[in-house]
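Please read it alongside the model.

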Amino acid sequence: MAADEISEGNDAHPTATPRLRRRLGVFDSVMIGLGSMIGAGIFAALGPAAAAAGGALLVGLAVAAVIAYCNAHSSARLAALYPQSGGTYVYGRERLGPFFGYLAGWGFVVGKTASCAAMALTVGAYAWPGREHLVAVIAVVAITAVNYLGVQKSALVTRVIVFTVLAILAVVVVVCLTGSDTGFDGLAITSGHGVAGVLQAAGLLFFAFAGYARIATLGEEVKDPARTISRAIPIALTITLVVYLCVAIAVLTALGADALAAATDPLAQAVAAAGFGGLEPVVRVAAVIAALGSLLALILGVSRTTFAMSRDGHLPRLLDAVHPRFAVPYRAELAVGVVVALLAVTADLRGVIGFSSFAVLVYYLIANASAWTLSAKPWSRLVAGLGAVGCLVLAAFLPLASVISGVIVVGLGAVIYGIRTSLRT
């Protein structure tokens with residue numbers, strides 16, 4: 001590999017270890033975070049969350065936002081200290097020990113691989129109903145090819161997608177709040193689902209907030225990581241929260257909680273209910289664009305964590321390779337693309353949201369525990385502690401099937417680690 005294609009980042013690995021170029025600034029980092037959050041949240045999580053919380057959906061959104069803030073605060077502090085690919089896989093390893101780093105990486109890879117499949121299926125459901133799986137596989141192949149060509153090209157595509165989707169979502173909010181059939185009864189917090197329903201909704205909506213982790217997992221490709229990551233994560237999270245709040249209010253206003261819970265395409269139905277049925281095709285196109293943007297950023301992040309874990313021997317070392325021309329972990333990207341394509345053939349859209357949320361909550365539990373060890377400052381300790389407890393609570397109140405499958409898969413990862421460790425000794 002040419003010398004100018006190797007990052008000069010400071011980490012614990014020897015200089016012979018393959019490195020990635022530092023090319024991303026604050027703007028591109030924020031765009032990558034937004035690209036992975038907005039598509040997932042608006043077009044995949046609002047319906048299941050409304051089914052869980054009913055009219056208290058906005059309360060669930062607020063709870064998810066608080067936990068997401070705590071996780072973002074912890075992640076930003078850790079990422080500035082450890083600017084390497086891998087995110088909490090690296091933080092857990094350095095602060096808590098190899099097992100916790102491995103478990104974080106395992107949770108991230110399996111959880112976000114499920115998220116990738118969910119986003120691919122969202123593309124299929126909106127683009128060609130009845131042929132969801134075929135379209136999903138085509139989408140995965142196309143996005144993997146874009147990532148393979150280099151992270152700058154991925155960042156450019158993500159930027160275009162984010163601005164397009166935000167513009168269309170702004171139109172949706174305006175027409176839903178000003179339409180002829182608009183009523184504000186849907187905003188009344190009158191839920192018979194109780195605290196458990198609100199917490200389950202928060203856990204499902206957390207699936208939509210977790211995209212800022214993509215910024216941390218790109219630690220080796222970010223310029224001046226201490227400054228860039230600490231700014232990009234809170235900016236991306238704040239913008240996403242504002243967008244989610246506006247869209248949730250608009251859709252609840254137009255449809256009401258019951259109709260939102262039953263809808264598979266809530267934004268399209270909300271526009272029609274507000275008297276602007278002609279905009280429905282535009283909204284469907286926006287859903288496809290948003291899901292593609294989310295899929296692009298998700299595959300980008302999962303491949304970097306896979307790369308970092310293979311570099312440390314937790315996954316096959318065959319995946320620890322950087323392309324000599326494009327300077328990307330191409331084998332990890334191809335492996336992730338193949339697995340996601342296979343999942344997209346059989347996955348259930350709503351089911352994988354719960355599973356993904358559970359696995360990613362485990363990931364952020366370890367992130368907060370790692371941040372707890374950084375300093376004894378009261379505010380930082382309070383945020384890390386609240387984030388850790390919040391992750392445990394939200395994971396416990398997810399749908400039972402998601403909890404059971406999540407415990408099994410995370411437990412399987414721990415067993416694999418134990419077997420590998422015993423064989424080495």
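1. Contact range. The model under review is a predicted one. Of the contacts in the protein between residues at least 6 apart in sequence, 81% join residues at least 24 apart.

2. Secondary structure and burial. The protein comprises 16 helices and 0 strands. Of its 425 residues, 60% are buried. The protein exposes about 15,400 Å², and carbon and sulfur atoms account for 70% of that area.

3. Helix α14. This helix covers residues 349-372. With 24 residues, α14 spans 35 Å from its first C-alpha to its last, which is close to the 34 Å expected at 1.5 Å a residue. Helix α14 is also mostly covered, 18 of its 24 residues being buried.

4. Packing of α7 against α14. How are the two helices oriented where they pack? Helix α7 (residues 194-209) meets α14 at an angle of about 75 degrees, and the axes lie 9 Å apart. Angles of 65 to 115 degrees count as roughly perpendicular, and α7 and α14 are therefore roughly perpendicular to each other.

5. Residues at the contact. On the α7 side, the contact is formed by G203, L204, F206 and F207. Helix α14 contributes I353, G354, S356, S357, V360, L361 and Y364. By class, the contact of α7 with α14 contains 7 nonpolar and 4 polar residues, with no charged residues.

Conventions:
Residues are numbered from 1 along each chain as its sequence is written. This is a predicted model: local features need pLDDT of at least 70, side-chain atom pairs count only at pLDDT 80 or more; totals for chains, interfaces and linings use all residues. Side-chain values use heavy atoms; hydrogens and water are left out. Axes are lines fitted to C-alpha atoms, for helices over the stretch in contact, and angles run from 0 to 180 degrees between N-to-C directions. Helices (H or I, at least four residues) and strands (E, at least two) are DSSP runs, numbered from the N terminus. Angles under 35 degrees count as roughly parallel, over 145 as roughly antiparallel, 65 to 115 as roughly perpendicular and the rest as oblique. Contact means heavy atoms within 4.5 Å. Ala, Val, Leu, Ile, Met, Phe, Trp, Tyr, Cys and Pro count as nonpolar, Asp, Glu, Lys and Arg as charged, and the others, Gly among them, as polar. The expected span of a helix is 1.5 Å times one less than its number of residues. Buried means under 20% relative accessible area, exposed over 50%, partly exposed in between (1.4 Å probe, protein chains only). Accessible areas come from the Shrake-Rupley method with a 1.4 Å probe; for residues, only the protein chains shown count as cover.
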